[in-house]
Amino acid sequence: MPVITDIEDLHRIYRRRAPRMFYDYTESGSWTEQTFRANKSDFSEILFRQRVAVDMSNRTTASRMIGQDAAMPVALAPVGLTGMQCADGEIKAARAAEKFGVPYTLSTMSICSIEDVAEHTEKPFWLQVYTLKDDDFMQRLFDRARDAKCSAAVITVDLQVLGQRHKDIKNGLSAPPKLTAKSVANMVTKVQWGLGMLGTKRRFFGNIVGHAKGVSDPSSLSSWTSEAFDEALDWDRIRQFRKMWDGPLIIKGIIDPRDAKEALNVGADAIVVSNHGGRQLDGALSSIRALPLIMDAVGDRIEVHLDSGIRSGQDVLKALALGATGTYIGRAYVYGLGAMGEAGVTRALEIIHRELDVSMAFCGHRDIRGVDRDILMVPKGFSDGWE
Ligand SMILES: Cc1cc2nc3c(=O)[nH]c(=O)nc-3n(C[C@H](O)[C@H](O)[C@H](O)COP(=O)(O)O)c2cc1C
């Protein structure tokens, strides 16, 4: 067994073990991938101020996101097709999250269904909801979330249209995977993955097939998907969703302060500063650069979370110091899942927790909730000065 010391180690193992089509699906940004890269590299422009000879004993990263306890302020982000990275992937990731004590967010476009994940976990998870045209389907999705005791809904607002990822088109990405000579030749080399897939019945979009009107089998799914997403989405439509779901609501995919104000007016409990991990508008600002602008606009009136580009506990600490109450990891846990299943997600969480805890100590803090901007050196013009 290789020694795993950071998220990049998990990434390398994942790359070897997952079929190329699903690795590429994870590891792509849209078009030139400028924003995908900036999400990560912009974190390294921010530096810490190290303190010494302050009491660093008895530290805690315990925190709260939307009033719910978390062992650290890091949730697992919604990731579509997680169950294609590893058999029963959503159940495994949700279990790792609940054992660790952090929130898990199930994607609408998951392989394991809401009911399936609820059945195999004990603690409530969050459901991510895409904004679709079909009112009945949307209402049923919220009702199913309520019946499964989901403790929050996360509405993703940055996917009315789809950013183009070149590799997905070239690979003919689908679930279950299309069996072409090339994809089969690649998949037969991924023995562990293949055995897992043969041993599970969960290979289709579990929240859609059998639930959406006219989608009773996987072959009718692609025509449904191309019709289902609502290009006409506006804030009035999001207000309708607010009425369909009376539990805690998080609006995900905000990168502009004007939209942050709109989300506040809708009555959301939190917003996620996110550019979808660089998968939507290529050339958009990285999340970490957008965060101070959004904190200035709404930070004193709504809980602000952040995702996109987090690969370490140090990244989490920087986001918290700039004012975020919580963060999410996407690829960082998918690498763990594809590398080693549930144990790999746990390993990813352990790595990030350890990095967060020790870096917090170096900055002279013992309680993550007390961390603020004072621990950072942020270059002049990091977020300002844009015309
Ligand atoms: C493979 C993949 C699939 C994703 N699927 C969804 C999804 O179904 N719903 C959603 O709201 N966001 C989705 N996202 C975006 C993530 O929730 C999150 O915003 C992003 O991964 C954060 O960036 P990071 O991967 O750099 O941490 C996906 C991201 C990836 C990498």
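His 276 sits in the loop between strand E9 (270-273) and helix H14 (287-298). Helices (H or I, at least four residues) and strands (E, at least two) are DSSP runs, numbered from the N terminus. This is a predicted model: local features need pLDDT of at least 70, side-chain atom pairs count only at pLDDT 80 or more, and totals for chains, interfaces and linings use all residues. Residues are numbered from 1 along each chain as its sequence is written.

**Annotated site**

The unreviewed UniProt entry places the feature "binding site" at Tyr 25, Arg 165, His 276 and Arg 279. UniProt positions are given in the numbering used here, feature names are shortened, and annotations may be inferred rather than shown by experiment. These positions are spread over 255 residues of sequence, yet they cluster in space, with a largest C-alpha distance of 13.2 Å. Arg 279 also lies in the loop between E9 and H14.

Buried or exposed: which are His 276 and Arg 279? His 276 is buried, and Arg 279 counts as buried too. The cut-offs use C-beta atoms placed from the backbone: buried means 20 or more others within 10 Å, exposed 12 or fewer, partly exposed in between. Contact means that two such C-beta atoms lie within 7 Å. The contacts below leave aside neighbours within four places in sequence.

| Residue | Other C-beta atoms within 10 Å | Contacts |
|---|---|---|
| His 276 | 26 | Asp 158, Leu 159, Gly 253 |
| Arg 279 | 24 | Gly 29, Ser 30, Gly 163, Arg 165 |

**Ligand shell**

The ligand is surrounded by 24 residues; the closest are Ala 77, Gly 80, Ser 107, Gly 277 and Gly 330. A residue is near the molecule if its C-beta atom, placed from the backbone, lies within 6 Å of it. Helix H2 (20-26) and helix H16 (331-362) each supply at least two residues of this shell. By class, the shell has 8 nonpolar, 12 polar and 4 charged residues. Ala, Val, Leu, Ile, Met, Phe, Trp, Tyr, Cys and Pro count as nonpolar, Asp, Glu, Lys and Arg as charged, and the others, Gly among them, as polar.

**Helix H7**

In H7, Met 138, Leu 141 and Ala 145 are buried. They cover an arc of only 60° around the axis, so they fall on the same side of H7. The arc is that of the directions from the helix axis to the C-beta atoms. Cover for the buried residues includes helix H6 (114-119), strand E6 (126-130), strand E7 (152-156) and helix H12 (235-244). The face turned away from the buried side carries the exposed residues Asp 135, Asp 136, Asp 143 and Asp 147. After H7 comes Lys 149, with a positive phi near 65°.
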